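Please look through the sequence and the model shown here before reading on.

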Amino acid sequence: MIAKKVSHVLKRPGLRKDDPTYEIPVAEDLVTEPGIPQNPTDVDFYSRQYPLESQNIAYTADRAWVWTVYSPEEEESHLEHERLQAPLVNAASVSGDIQPTVKPTPGKNVTEEIKTMARELGFGEVGVTRYDKRYTFQYKKKWVHYEHAVCLAFEQDYERTQAIPSSFAEYTHFGTYRTMSQLALILADYIRSLGYHAQIHSPNDNSAPYIPMFVAAGLGQLGANGQLLSPHFGSRARLMIITTDALLTYDKPVDYGIHKFCQVCQVCVNRCPGRALMRDKVWWRGVEKNKLVYERCRPVMARYSGCGVCMKVCPVQKYGMKPVMEHYVETGAVLGKGTHELEGYNIEGKGYFGPGELPHFNHDFFEIPHGRSEDVLFEEFKQKLQNAEIPDGPAGDQALRDFKKGVEDILARPDSDSMFAVMPEEA
Ligand code: SF4
Ligand code: SF4
């Protein structure tokens with residue numbers, strides 16, 4: 001047991017409106033910098049030369065593939081979510097064009113009004129920052145209207161989250177998105193009643209990876225699991241944004257000690273069934289982080305109810321940041337690490353895996369189609385040509401017609417076909 005010196009004590013609002021201030025001690029040896037270490041010149045360069053694109057556009061091949069591995073119950077659950085969420089996604093997509101209902105009071109800063117309203121509606125973490133266009137997905141660049149981002153985190157149900165991975169837990173993930181999408185419509189109306197525009201960036205039709213803006217707004221730091229670790233509920237936070245032209249004051253990034261703490265903890269890295277999380281940090285697009293390997297995660301997520309083990313086993317999710325950081329200061333250890341309570345999980349059809357135990361998947365398990373559906377189709381066609389499987393004459397003509405039809409079907413799919421589980425952090 002090694003007690004640590006405290007560098008600073010953070011004071012955050014309590015979880016509920018009248019809760020006392022939440023004080024988080026940050027040990028001296030966990031201090032790095034507020035937010036996340038980054039090189040702005042590199043972030044600028046990558047955003048200009050290699051802009052991000054949404055999973056909806058850049059990963060259509062595996063987005064189509066996941067439907068082939070869902071069980072009938074899972075397929076129905078996803079379809080039900082799509083049916084229920086579609087009107088909310090549509091409402092969000094046109095929200096930026098709705099005009100305010102009154103003229104704003106000149107010079108009046110409305111930050112506190114908007115934050116209070118958001119908290120009263122049930123958003124557990126609310127912060128304000130500049131909408132960072134460097135992260136905007138290419139296909140959303142013309143859609144984003146306003147300069148300021150109100151970052152809104154909604155807490156996912158605690159009990160159900162501890163049952164990850166399961167359809168029971170996946171259902172609360174979907175339900176949380178629907179609840180917060182409905183509440184965002186009310187909050188946007190409220191912003192318009194103050195005299196300003198409000199554009200809702202849906203959690204199911206992301207305009208960008210939202211985590212960098214939440215970090216800039218001081219609402220947490222990026223964990224090794226690729227998720228925002230927020231003070232009260234860690235990565236059990238579902239995220240969305242409202243952009244606005246309202247007169248607002250920006251929050252500042254905070255050093256919660258998480259950037260360093262994750263290198264001590266490593267529980268999610270050790271417990272990931274897909275071995276998709278990296279132990280060491282790398283510099284990626286100008287930011288220092290533990291990079292998730294999409295190709296290792298996606299096959300697990302698709303087959304095991306959205307997986308989410310990396311969320312479930314995170315001590316900050318399970319216990320909250322204050323107890324975790326207090327325990328670290330008192331003992332130098334990670335609260336819950338090595339226990340069945342924190343680290344254990346069931347994988348359907350494979351059984352229970354306690355600390356130190358991981359399921360095994362063979363090589364074929366990770367073979368999934370990559371990139372865009374049309375590119376996969378073209379590669380298949382090219383392969384057949386190279387293998388002389390497409391002869392001249394009627395059979396060859398039919399193969400060409402099939403290829404044409406395949407491409408037409410892909411092009412007919414809507415861009416914002418966005419109802420699949422959102423991956424852990426994508427940037
Ligand atoms: S969701 Fe992906 S990264 Fe997280 S534990 Fe599962 S496989 Fe690993
Ligand atoms: S489990 Fe540990 S290493 Fe992973 S995100 Fe949570 S605190 Fe960081």
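In which loop does Gln266 have its place? Gln266 is in the loop between α9 (258-265) and α10 (267-271); helices (H or I, at least four residues) and strands (E, at least two) are DSSP runs, numbered from the N terminus. The model is predicted: local features need pLDDT of at least 70, side-chain atom pairs count only at pLDDT 80 or more, and totals for chains, interfaces and linings use all residues. Residues are numbered from 1 along each chain as its sequence is written, while chains are lettered from A and ligands numbered from 1 in the order in which they are written.

**Backbone features**

Most residues other than glycine have a negative phi, and most peptide bonds are trans. Two non-glycine residues with positive phi are listed below.

| Residue | Phi | Loop |
|---|---|---|
| Gln266 | about 65° | between α9 (258-265) and α10 (267-271) |

Gln266 counts as partly exposed because it has 16 C-beta neighbours inside 10 Å. Arg285, with 18 other C-beta atoms within 10 Å, is also partly exposed; the term covers counts between buried (20 or more) and exposed (12 or fewer), with C-beta atoms placed from the backbone.

The peptide bond from Ile164 to Pro165 is cis, with omega near -5°. Pro165 lies in the loop between α6 (158-161) and α7 (167-193).

**Surroundings of ligand 1**

Ligand 1 is surrounded by 14 residues, counted where the C-beta atom, placed from the backbone, lies within 6 Å. The closest are Cys272, Gly274, Cys297, Cys307 and Cys310. The largest share of this shell, three residues, comes from α11.
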